Amino acid sequence: MSSRKKILIVGGGFTGLTAALRLSADKNLAVMLVESSAQLGGLAAGFPLAGTSLEKTYHHLFLTDTAILDLVKELRLEDKLMWCDSSVGIFHAGKVYPFKTALDLLKFTPCSFLGRLRTGFTALLLKHRKNWRGFVRVTAHDWMTRACGSSAMASIWTPLLKGKFDRHFDKVSMAWFWARIHARANSRSKGGGEKLGYFRGGFNLVTKALENKIRARGVNIQTSVMVENFLADERSAIINGEKVAFDFCIFTGSSYALAKLLPNQEKFSNYATQLRSIEYLGAMCLVFTSDQSLGDYYWVNVSASDTPFLVFIRHTKLVDKDFYGGKNVYYIGTYLAPDEKLFNLTDDALGNIWFDYLPKIFPQFDASKVEDKFIFRFRAAQHIVDTDYERKIPAYETPLPGVFLANFSQIFPEDRGTNFAVREGEKIAALIRSRLTA
Ligand SMILES: Cc1cc2nc3c(=O)[nH]c(=O)nc-3n(C[C@H](O)[C@H](O)[C@H](O)COP(=O)(O)OP(=O)(O)OC[C@H]3O[C@@H](n4cnc5c(N)ncnc54)[C@H](O)[C@@H]3O)c2cc1C
């Protein structure tokens, strides 16, 4: 009989794949990875487009993303990573304004002159400030209003907060906001503008390399397979109606997804309540290709009260369109509560609403010239990082014996991202190893 310890990893996103990579290095462990969707990659999963792979939701790396950059080096994919010049615009009151440099900010007339000066000063302050602890209990909306004034809030920050957090926009912690500005401001090359990383072949290249490596080490990878629930005291889970035993399990899905899998017993009810206190928004992205040239920016924040989406992205402004057979590739995206009407429209209805709005930004846009069109929805895409958030963060160790949780709701104050998923995957694998040796 084999004496190898059994490790069950639930979720084939970057956290689960990284944990599998680290744990499968130990020949004394039998690792099984179970993913409910048909493919690996989680929120960073790709789909085939023009002979390559593109993310279902827009993805790039920052220069500060050290955990994933180290992994990329280890997987020998460094030469596939391109550092590209970013360009950012803001759509406001019928016009797209450049919004990349200090000079762009100074010329951003929808905001009062004083508001522009205060915004520039605040951005500098947040870039250089290292201590974020004092920001935890203050909302970004209040702090930024005090720092930049109401004109800057109305024209720049409030629409961004609303786009990312929907109706929760005025609850978000300033610590999260600080981390976001801090990472972006520090993702500039020396003396140059912002650089963003993207892979030839998309993020799927990293997913595939991880998959190949862990498969070669004997990890049993099962896709389209769901962990249905955990059993109370038996170190086992129900998968495809069968009981599967483990010594240790790492769950990497959302916190509310774990709450649903807990045994229905009084002793787990407080934990279930804690997990459910973390609210999630869903994300929707429409990807389309066209010969039409729409705008001069990679990223356009849509700052208008009537807008049905948050962001318009010209992916092929960041990455050469030759990678996609010479086609322009665009994303339209937004975050929404999954129970909202827009989230539940049919693909055609949603596409029509978004395409009908697009000529307000790009008057030359012609929907009949759209070639390929894809719509993707994710139900647990962004958690609401409010001023009470630190208290809600679940520990790695759960009350279920042998079951550990590692997901992006534990990342704070940083914004979740593939870099932090890799970091968490490493950390949880190290924790399991330490338990095994203990
Ligand atoms: C719109 C959008 C844009 C983004 N942009 C960027 C970006 O530019 N750069 C960046 O680095 N990151 C970006 N991210 C974030 C990044 O994609 C995520 O932080 C990262 O992929 C999370 O990885 P994860 O493994 O922790 O979680 P996930 O990717 O969510 O993986 C968890 C997996 O667990 C599976 N699962 C859950 N429950 C079960 C179950 N019961 N049984 C089996 N499987 C289960 C799920 O299907 C899922 O695949 C973006 C995300 C979104 C939504």
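## The cis peptide bond at Pro413

Pro413 is found in the loop between β20 and α14 (helices, H or I of at least four residues, and strands, E of at least two, are DSSP runs numbered from the N terminus). The bond that joins Phe412 to Pro413 is a cis peptide, with omega at about 5 degrees. Most peptide bonds are trans, and most residues other than glycine have a negative phi.

This is a predicted model, in which local features need pLDDT of at least 70 and side-chain atom pairs count only at pLDDT 80 or more, while totals for chains, interfaces and linings use all residues. Residues are numbered from 1 along each chain as its sequence is written.

## Residues with positive phi

Arg76 is not a glycine, yet its phi is positive, at about 60 degrees. The residue lies in the loop that connects α2 (66-74) with β6 (81-85). Arg76 counts as exposed because it has 9 C-beta neighbours inside 10 Å (with C-beta atoms placed from the backbone, 20 or more others within 10 Å make a residue buried, 12 or fewer exposed, and numbers in between partly exposed).

Ser224, likewise not a glycine, has a positive phi of about 55 degrees. Its place is the loop between β10 and β11 (227-230). With 11 C-beta neighbours inside 10 Å, Ser224 counts as exposed.

## Domain division

The chain is divided into domain 1, made up of 5-59 + 202-278 + 393-437, and domain 2, which covers 101-193 (the bounds come from an automatic or database domain assignment). Taken over C-alpha atoms, the centres of domain 1 and domain 2 are separated by 33 Å.

## The five-stranded parallel sheet

Five strands form an open sheet in the order β10-β2-β1-β14-β20, with parallel pairing (two strands pair if DSSP finds at least two bridges between them). At the edges stand β10 (220-222) and β20 (403-405), each of which pairs on one side only. From one strand to the next, the twist averages 15 degrees (axes are lines fitted to C-alpha atoms, for helices over the stretch in contact, and angles between N-to-C directions run from 0 to 180 degrees).

Strand β14 (residues 248-251) runs parallel to β20 and is joined to it by three bridges. Cys249 stands opposite Val403 in β20, and Phe251 has Leu405 as its bridge partner in that strand. Four bridges link β14 to β1, again in parallel, with Ile7 standing opposite Phe248.

In a regular strand the side chains alternate between the two faces of the sheet. In β14, Phe248 and Ile250 point one way, whereas Cys249 and Phe251 point the other way, and all are buried. Helix α1 (residues 14-23) lies across β1 (5-10), β2 (29-34) and β14, and runs at about 165 degrees to β2.

## The three-stranded antiparallel sheet

A further open sheet has three strands in the order β5-β9-β6, with antiparallel pairing. The edge strands β5 (61-62) and β6 each have a single partner strand, so one side of each is left without a neighbour in the sheet. Five bridges join β6 to β9 (residues 195-199) in an antiparallel arrangement. Cys84 has Leu196 as its bridge partner in β9.

## Surroundings of Ala67

Ala67 belongs to helix α2 and counts as buried because it has 20 C-beta neighbours inside 10 Å. Leaving aside neighbours within four places in sequence, Ala67 is in contact with Asn419, Val422, Arg423 and Glu426 (contact requires C-beta atoms, placed from the backbone, to lie within 7 Å). Although Ala67 and Glu424 are 357 residues apart along the chain, their C-alpha atoms are separated by 9.4 Å.

## The shell around the ligand

There are 35 residues around the ligand, and Gly11, Gly13, Gly42, Gly253 and Gly417 come nearest (a residue is near a molecule or strand if its C-beta atom, placed from the backbone, lies within 6 Å of it). The elements that contribute two or more residues to the shell are α1, β19 (370-383) and α14 (418-437).

By class, the shell holds 15 nonpolar, 18 polar and two charged residues (Ala, Val, Leu, Ile, Met, Phe, Trp, Tyr, Cys and Pro count as nonpolar, Asp, Glu, Lys and Arg as charged, and the others, Gly among them, as polar).

Conventions: Contact = placed C-beta atoms within 7 Å.
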